[in-house]
Structures are given as C-alpha cells and as structure tokens.
Amino acid sequence: MPIRSENQIESLQRQFKTSQHLLQLSSYASDKPSLLNEIAKTATLLLDVNHVVIGLANEDMIETTYRWQKGEKLPFNYRFTEGAGIQGWVLLYKTPYLTQDSSIDPQISPHTLQEIASRTLLCVPLAYQGEFYGTLLVGDRNDGKSFDQEDVELASKIGNQAGLTLQHCRLIEEGNRRAAVLETLHQFSDQISEQNNQEQIIYQLLLHSIEIVGGSSGLGGTVEGEKLLPLISFKDGEKRDMIDCGDDGLKLGEWILHNNQAYLSHEVQSDAYLNRSIEESKDAMATLAVPVSQDGACLGWVEVHRPLLKQGKFSWDHVWLVQSLANTAAIALGKSQLFVELQHGQQELRALTAQLVTRLEEERKRIARELHDEAGQELVSIRLSLQLLQAKVNQVQPNQSNLKAEFDNVRKQINAAGKRLSAVSYQLRPPLLDESGLQAALDQLIREMRTRSQLSIDFQSKGYSERLPSEIEINCYRIVQEGLTNIFRYAQASDVQIILLQEEATLSLKIIDDGIGFDPDQIRPKALGLLGIRERVTMLNGDLEIDSKLGEGATLSVSIPLAEVE
C-alpha cells in the first residue's frame, strides 16, 4: 500500500509539472519565432524526445522552417501539400499520426527520414476550437521506448495549447498588421499633404505601394488630357529615371485610364496589357494596378510587380491597400479621413487585445478550477487513504516509530503539494472572486499584501452592494493587483489607500500611495504593468488618470461606466 501511495504522488507531481508547462505555453505572448521555440522546448521536455519539427499551415500546405534536435535549432525548409508526408497527412485528416518504424512507412517523406532519422515518429495537429494552425512532429523518446497512447494524448494536449497560443499570436499579428497599414497610410498623407510636385506625389505613392504589399518593382505616371505621362519607375529598392516604355509598355496604363478601375493579373507572359519593360526577368510576374482618381476622373496610375514563384500572388486585399494610397494621392488633403481610419484601426487593435485578455482569463479560470476540483480531490483521497493505512499498521505493529516517521514524511509531502496547488490555483483565479465578488477578493488580496510587504493598506468600499458583471470584477481585481505590485516593487511607500466607490452607473477605483512618485509623461514603453492597466481600463470603455510627481507619491484613478459594459 505505501508503494501505491508513492506512485500516486509521483503521478500527481508529473501532472502538476505538465499543467505548469501547459499553462506557461497557453499564456505565452511573444513574437512567432520565440513562440515556436517555446513550443519545441515544451514538447522536448514533456515528451522527453530527441527531435521536434513544427510546421505552420499556409493555405493548402504545411511549411517547416526549423527542426530541433536535442534542443539545438537547425534549418528544415520544406513544404508539405495535403496528404504528402506525415505532416501532409495530418493536414488532410486533422488527426494524430503515429508510426513505430518510419523506415518502412511509405507515408514518411525521404527528407524527413534523411534529416530526422528517427525510428518512431508522432505527429499531431496544432489546433484549437476547430481552427488548424499547423503540425507538431516528434521523434525518438530518450528512453528508447516506442510512443504509446499516453504519448499521443500528451502530444495532443501540447498541440491544443500551442494552437491556442498561435491563435493569440495570429490575433496580435493581425492587429499589428492593420495598425502598421494604417500607420503607413497616415505617414503617406503627411508626406504629400502639402506636396505640389506631381512627380514627387507619384513617387511617394509608388514607393509606399511597393512597401505596403511587398512588391519588387513598379511604374507610375499621370494623365494629361488623353495622354499618359510615365514619370517614375522603381526596382530593387532604387528609384530609376523614367525609361521609354513604348506603346506596348503603356497598354496597362491605357486600360486603367479608359476603365478607371483596378487591375490584377498573374499571367505576365500571356496578358497583353502587362508591362514587360520594368522587369528584365522572364519569370512569371504578379501585377496589380490602380487608378489615381478624383470625382470620377483618372488623374494617373501606379502598377506594382513581384516574382510570382518567389513572393506569391497579389490579392484583392493588396489592391485595396494600394487603391487607398492612390485615393489619398488624388485627394492630397485626405489626412483627416486617414486619421479616422487610423483611429478605427486602433479600436480594432484594442478589440483584439480585449479578446485576447478575455480568452486568457477564461483559460486561467478553467485550469484553476481543474487544479482545485480534480487534483485537489485526488490529494484529499490520498491523504485519507494514508490515514487509514497508518491506522491499520498501528493495529498490527503499534510501536514502529520508524514507520510513523515515514508516514509523517509522506503526509508532509502531500500537504506541501496541496499548498502548491492552492497557490497556483489562486494565482490563476482567486476563488473568492467568483464565489463572493470583487470586495471579498480584494479584502483577501490586501490581507496577503499586508503580510508579504509590511505595507499599511487602508481599503474603503462605498456604495458597492451588488455583484458586478464578471468582466468588470476580474479586471478591477487585476488592476488593484498590478497597482499594489508596482507600489511594492518601485514606490518605496509605507501607506496605501484603496477606494472602491459605486455611484449610480459608474464604478470608481483609486489607488493612492505616499511613495517616491514619478513623472507620468516619462513612463517607459517597457512599463508593462501600467500599460496592462491602461489596456484593461480601455477594454471596459473607462478612463484612467495618473497623478504623480517626483517625491510626492502617486494616485491612480479609474472610472468605469457600468451601463456600457452590461
């Protein structure tokens, strides 16, 4: 019986370790290369394997860039279409693939056999809530054993958590991409808003068009009456003097002039309208062109090219981006309109951030509940079993002091594991917040901070009687938590006052300290605590004010409209 209890403890410790690493992975927020390294690190550690390959889904194929061998990152540049190789099979069927002998498995691709050289291979989807993001391929356990169903289940868990994190990464990338696009539009508007030189306007339009869609070359010009005037060409990052395109080279410009609409093509060899004079390469080229129009009149045009095989097709989204630049160039005074678009882009970015924060909180709540309900109950069961076992042993051998010491030691280990589980569960999501509400959770947080920091903290709650929406409660809790953490780390304060006030449809929160203070205008970009507070307030449609001076403490004031959140 003691051996069984120890095995249960070891199993629980492994589960706890796994949960910790999966939690770390699900909340990991960084750039994609760092994220892939973290996924590979987690898979290597939890599955105890020699080889890891991560592939990312790109339309109808899986693209791999690197593989990890015993933690070392190595190049692995391959593409797998649906059904091709083990990654292509997982892409097609969206289910794990396990082979115990890769040398005789016809599904395994030759380069996988050659470069990874693993006898046993396991590949699982990187997916979350039905969205497929890529594949995770692992090979050869360090203990020399073959992969089993337990490995498949664990790898699938890793794939699920990695899928969630890749989803977050994609949301952030999309938000950043949109913000960068709108920022480019805004900069372009500033650059040409007072520019009267037509060549400079077309040059800036062409330069920004190539940059924004990833082109390699382009051509632009204006219209005088019914005649095209090519003004500028651009290739491989260099501005070139306008060459004589000839009649054949301006056919696309003429089409734009007469139709006054955008043009998109990937058939440079066979399309009679496309300009071959800009690109010396005989490779297939992707081309888009847009008019520069105002009040229905075509004032000019730009066209952008790039190698089809190397850089891929243009899309109508790309056309839309270039057309937006062209519209700005035609209007020249469209700065105010672009500023509105920039604000819209920032709102979208904030909405994406809010979605990310909400999903992270939901995931924290779920994991905290599982740790408390499942792992916690298992500990209680083990503790009771241990007590019963000790009672039986005492009946048989009542005076075995050495056995009593061993029982006490196991009991201490169980209690320590229970405390660690409770601490992790509390950090993820304080139970009082869901059970009793914001005020009770803040009371507990403040009591713990008083004990840990020796700060004198005065907490006042006025007009707060009923439960608030969970979105408000969790974000207010995190704001106070982050505020107290910042005060403890940086403010050198002795007294802190926290005021929670509810007046009609507004919730107000103030955190006041008597510390060394700071200049709010000099907040560093890396001050993630204050930036996180600002993001949480923004996602609640609230207002944040920071009043502080050097040597005079600081006051953080938050005002949240309750009606809008509800």
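**View 1. The largest nonpolar core and the elements that supply it.** In this predicted model, the largest nonpolar core has 39 residues, and those with the most contacts inside it are L484 and I498. At least two residues of this core come from each of α14, β13, α15, β14, β15, α16 (528–539), β16 and β17, and the largest share, nine residues, is that of α15. Leaving out residues up to four places away in sequence, L484 touches L445, I446, M449, I457, V496 and I498. In soluble globular proteins, nonpolar side chains tend to be buried together.

View 2. Five strands form an open sheet with mixed pairing, in the order β13-β14-β15-β17-β16. Its edge strands, β13 (456–462) and β16 (543–548), each pair on one side only, and from one strand to the next the twist averages 10 degrees. Helix α14 (residues 438–453) packs on the sheet, where it touches β13 and β14 (495–503), and its direction makes about 170 degrees with that of β13. Helix α15 (residues 470–491) also packs on the sheet and touches β13, β14, β15 and β17, with a direction that makes about 10 degrees with that of β15.

**View 3. The pairing of β15 with β17.** Strand β15 (residues 506–513) pairs with strand β17 (residues 554–561) in the antiparallel sense, and the pairing extends over eight bridges. Within this pair, I511 of β15 stands opposite L556 in β17. Strands of a sheet pair through backbone hydrogen bonds, either parallel or antiparallel.

View 4. V496 lies in strand β14 and has a relative accessible area of 2%, which is under the 20% limit, so V496 counts as buried. When its neighbours within four places in sequence are left aside, V496 is in contact with L455, S456, I457, D458, L484, I487, I511, I512 and D513.

**View 5. Helix α6 and the residue just after it.** Helix α6 (residues 198–213) has 16 residues, which at 1.5 Å a residue should span 22 Å, and this agrees with the 23 Å that separates its end C-alpha atoms. The buried residues of this helix are I201, I202, Y203, Q204, L205, L206, H208, S209, I210, I212 and V213. Just after α6, G214 takes a positive phi of about 75 degrees.

**View 6. Strand β1 and its two antiparallel partners.** Strand β1 (residues 49–58) is mostly covered, with eight of its ten residues buried. Seven bridges join β1 to strand β6 (residues 131–141) in an antiparallel arrangement, in which V52 stands opposite V138 of β6. Strand β2 (residues 61–69) likewise runs antiparallel to β1 and is joined to it by seven bridges, with N58 standing opposite M61 in β2. The strands β1 and β2 form a hairpin with two residues between them, and in the turn E59 has a positive phi of about 55 degrees.

Definitions and conventions:
Residues numbered from 1 in each chain as written. Predicted model: local features only at pLDDT ≥ 70, side-chain atom pairs only at ≥ 80, totals over all residues. Heavy atoms only, no water. Pairing = 2+ DSSP bridges. Helix = DSSP H or I, 4+ residues; strand = E, 2+ residues; numbered from the N terminus. Axes fitted to C-alpha atoms, helices over the stretch in contact; angles between N-to-C directions. Contact = heavy atoms within 4.5 Å. Buried < 20%, exposed > 50% of the residue type's maximum accessible area, 1.4 Å probe, protein only. Core = buried A, V, L, I, M, F, W, Y, C linked by side-chain atoms within 4.5 Å. Expected span 1.5 Å × (residues − 1).
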